[in-house]
Amino acid sequence: MDVFTFDNISINTPLPTLPQFNWGGGQSPRLNVVLPNFIRHSPSESVLTAMALVKELSAAYPHIRFISQEALGTTEDMFDFATHVKPLENRTIEVISIVGGPSLPIHRYDVFFCMHWSSVFLWKTHADLMASHGLKRTPFYYFIQDFEPGSVPFSTTYGLILSTYNFKPYTHAIINSLELGAFLRRQGFSFAKTHVLKPSINPTMATWLQAQRLTIPAKPASPYLLVVYSRPNLPCNAFDAAMAGCKEFIEHLSAKDRNQLRIVSVGDHHPHIDLNGTHVRSLGWLGMQSYINLLSTAHMGLSLMISPHPSYIPLEMATMGLHTVTNAFYPGKDLTGNHPLLLSVTAPDPKLIAERLLEAYAITRSQSPEPSPMIMPASLSSHSREYNITKLKIDPILPS
């Protein structure tokens, strides 16, 4: 029998290498904004929301330090940081990366804003140093944009991510949707302070809808267009279930109905897929205006998200007049009744998906093509992101 000593065992830690902290003096509060990166080209809605939150919070901090967990890009690649903080006399803005750089100067008046789970361990290191100097640990802002443990199997990484929700006395949580907030609450998580932010409709889409007088133009009489949100490399988007559901859906159609159906996928580019003679044409990633133009002519949508977060995509599809199939995630997310055009499945089962697509197709065919009033989903706000953030009235964290 082989016998292993501890030296034979290696652990590949999922934690990023933390910088060496250099404890020093400081006289006034400094907000440390820790994000994966600050690249401004095609940022996610979560990053844009994080930057809007920072701008709202920045009024309380004379010093702002943006800390990237990846290497910095060029000045042209990154956000214009001065536009993401509120004007303040004698304001200082610093931009650094913790990748391969020198030690990170910190002091007792540092406050941390975290988004990705791994950034919480920067706050924890600072908090432990505070305690070692006989000072109270300073709370931190935690922008929880999804249930991140769900992105990995049960593992060391899962346990570490889950642990970031357990710093209850110090966590000022800002949760990125009503459904995610309900999920965390029903799972027993609680925080020192909790703010639940309702996602806002994309401003470009909002402007387009305003120009249409909040009316969805008549859809083409034929062919019928199904738009599938596809990201094959992201398991949470259940690409396999979506394609299998589409295949079963098509198999239930007559030859005539198949000839009147077109399927395109948007998101990440993938090879075109032949589903028994009906092709799924991949359009890849579209700019927002091209995406709006596509949705304005589409009849049905399919967007799965195996997460308690509803995802913007099915909400946007329904807003744009598409009969949209998405999935529930219990406890916390079931978009049934959220919008008249949203059809939810209880699980990413191809049979259930096909049944809902057939239902959507039957409804689509039964309706005459004519303009219809825009209806906002209950989970999506018609107000701007900035308005909704201001409405939260987040109290600033000020070190004692």
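Let me begin with the residue classes: Ala, Val, Leu, Ile, Met, Phe, Trp, Tyr, Cys and Pro count as nonpolar, Asp, Glu, Lys and Arg as charged, and the others, Gly among them, as polar. The model is a predicted one, in which local features need pLDDT of at least 70 and side-chain atom pairs count only at pLDDT 80 or more, while totals for chains, interfaces and linings use all residues. Residues are numbered from 1 along each chain as its sequence is written, and side-chain values use heavy atoms, with hydrogens and water left out.

A cavity is a set of points, on a 1 Å grid over the protein atoms alone, where a 1.4 Å probe fits but cannot get out; a pocket is an open set with protein on both sides within 12 Å along at least five of seven lines; and lining residues have an atom within 4 Å of a point. Grid points are joined across faces, edges and corners, and a volume is the space filled by probe spheres set on the points.

By this rule there is one cavity of 30 Å³ or more. The largest cavity holds about 40 Å³. Its lining consists of Glu-45, Thr-49, Asn-176, Leu-197, Lys-198, Pro-199, Ser-200, Tyr-312, Arg-385 and Asn-388. Helix 1 (45–57) and helix 11 (385–392) are the elements that give two or more residues to this lining; helices (H or I, at least four residues) and strands (E, at least two) are DSSP runs, numbered from the N terminus. By class, the cavity lining has three nonpolar, four polar and three charged residues.

The second largest pocket has a volume of about 450 Å³. Of the 25 residues that line this pocket, Lys-219, Gly-321, His-323, Gln-367 and Ser-372 lie nearest its centre. Helix 9 and strand 18 (372–373) are the elements that give two or more residues to the lining, which divides into 14 nonpolar, nine polar and two charged residues.

Next, how do the axes of helix 8 and helix 9 cross? Helix 8 (residues 288–297) and helix 9 (residues 312–319) have axes that come within 10 Å and cross at roughly 50°. Helix 8 is therefore oblique to helix 9. Here axes are lines fitted to C-alpha atoms, for helices over the stretch in contact, and angles run from 0 to 180 degrees between N-to-C directions. Angles under 35 degrees count as roughly parallel, over 145 as roughly antiparallel, 65 to 115 as roughly perpendicular and the rest as oblique. Met-288, Tyr-291 and Leu-295 of helix 8 make the contact (heavy atoms within 4.5 Å) with Ile-313, Glu-316 and Met-317 of helix 9. That contact has five nonpolar, no polar and one charged residues.

Helix 5 (residues 203–211) also packs on helix 8: their axes come within 10 Å and cross at roughly 50°. This crossing is right-handed. From helix 5, Thr-204, Met-205 and Trp-208 meet Met-288, Gln-289, Tyr-291, Ile-292, Leu-295 and Ser-296 of helix 8.

Finally, the backbone. Most residues other than glycine have a negative phi, and most peptide bonds are trans. The bond from Ser-222 to Pro-223 is cis, with omega near -5°, and Pro-223 lies in the loop between strand 10 (215–216) and strand 11 (224–230). The bond from Tyr-330 to Pro-331 is cis, with omega near -10°. Asn-90 has a positive phi, near 60°.

Conventions:
A crossing is left-handed if the near helix is turned anticlockwise from the far one by less than a right angle, and right-handed if clockwise.
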